[in-house]
Amino acid sequence: MIDTHTHLYAEEFDEDRKEMIQRAVDKGITEFYLPAIDSESHEKMLQLEAEYPNQIFSMMGLHPCYVKPETWEKELEIVKDYLDQRAFPAIGEIGIDLYWDKTTLDIQVKAFEQQIDWAIEKDLPIVIHTRESFDETFEVLERKKHPKLRGIFHCFSGNLEQAKHAIDLNFILGIGGVVTFKNGKIDQFLHEIPLEKIVLETDSPYLAPVPHRGKRNESSYLDLVAGKLVNIYGKDFSEIDRITTENAKNMFNNK
């Protein structure tokens, strides 16, 4: 299995990071993709990647919650410097978040568009964070339509219409712990989405699946997400594993 979105460098893992990664490896997780947040965590993320060069792969980008009026332009310069220095498998996580702060929508859109331009220029997928902002996110993607524009809607929590819209725009859906929640709703229509359009993720340490909901999430819980897909799609675990792993490898094939 591949965890396509996990914050292994988060401070929540400072006490037991090596053990936590080993638990995931023991469960059969072969690759971990780390989304970037902002410059305060880049070094920690890249250091962890250096310690596990065959298993851990860092993305690069500026998370929408960290697009601040006084720093966002400087933060984007730092992202661009990294992108010019070395290869990354994706630009992310980027996007629009209107849950925490609606006042920064204008600069969130500018930062999102700039990073999309770099992704197209470098032929890289993007990993999108969208929270209470599907309409705004789709507006940007429609505006930026390009044959090379592709990626993952991370932690997808929209409805069937939004899922189909994302797929029409050449994106696939990152499915994590939300699919196990009683009020998550995506489990009610996911069977209508081809399994070829889905990758697995944990977003650890956030959004732990049932029965760990509300506690610290970790990559070893990815099997609980895959287990829920077994029920939804009526396929056996090895088939869910094989198809979603293939989807992730196809998405990140430029790493």
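**Strands, site and loop**

Modeller: Strand S1 (residues 2–3) and S2 run parallel and are joined by 2 bridges. Helices (H or I, at least four residues) and strands (E, at least two) are DSSP runs numbered from the N terminus, and two strands pair if DSSP finds at least two bridges between them. Please keep in mind that this is a predicted model, in which local features need pLDDT of at least 70 and side-chain atom pairs count only at pLDDT 80 or more, while totals for chains, interfaces and linings use all residues. Residues are numbered from 1 along each chain as its sequence is written, and side-chain values use heavy atoms, with hydrogens and water left out.

Colleague: In what order do the strands of the open sheet lie?

Modeller: Strands of a sheet pair through backbone hydrogen bonds, either parallel or antiparallel. Here 3 strands form an open sheet in the order S1-S2-S3, with parallel pairing. S1 and S3 stand at the edges with a single partner strand each, so one side of each is left without a neighbour in the sheet. Between S2 and strand S3 (residues 56–58) there are 3 bridges.

Colleague: Which helices belong to the β-α-β units?

Modeller: A crossover is called right-handed if, with the strands pointing away from the viewer, the path from the first strand over the helix to the second runs clockwise. Helix H1 (residues 17–26) makes such a right-handed unit with S1 and S2, and helix H2 (residues 39–51) makes another right-handed unit with S2 and S3.

Colleague: Are the two faces of strand S2 buried or exposed?

Modeller: In a regular strand the side chains alternate between the two faces of the sheet. In S2 (residues 31–34), Glu 31 and Tyr 33 on one side and Phe 32 and Leu 34 on the other are all buried, where buried means under 20% relative accessible area, exposed over 50%, and partly exposed in between (1.4 Å probe, protein chains only).

Colleague: Where does UniProt place the feature "binding site"?

Modeller: The unreviewed UniProt entry places it at His 129 and His 154; such positions are given in the numbering used here, feature names are shortened, and annotations may be inferred rather than shown by experiment. The two are spread over 26 residues of sequence, yet they cluster in space, the largest C-alpha distance being 5.8 Å.

Colleague: How should I read the surroundings of each histidine?

Modeller: Contact means heavy atoms within 4.5 Å. His 129, in strand S5 (residues 126–131), is buried at 11% relative accessible area, and beyond its neighbours within four places in sequence its contacts include His 63, Cys 65, Glu 93, Asp 97 and His 154.

Colleague: Is Leu 207 buried or partly exposed?

Modeller: Leu 207, in the loop between strand S8 (198–200) and helix H7 (222–233), is partly exposed, with a relative accessible area of 33%. Leu 207 and Val 178 are 29 residues apart in sequence, with 6.8 Å between their C-alpha atoms.
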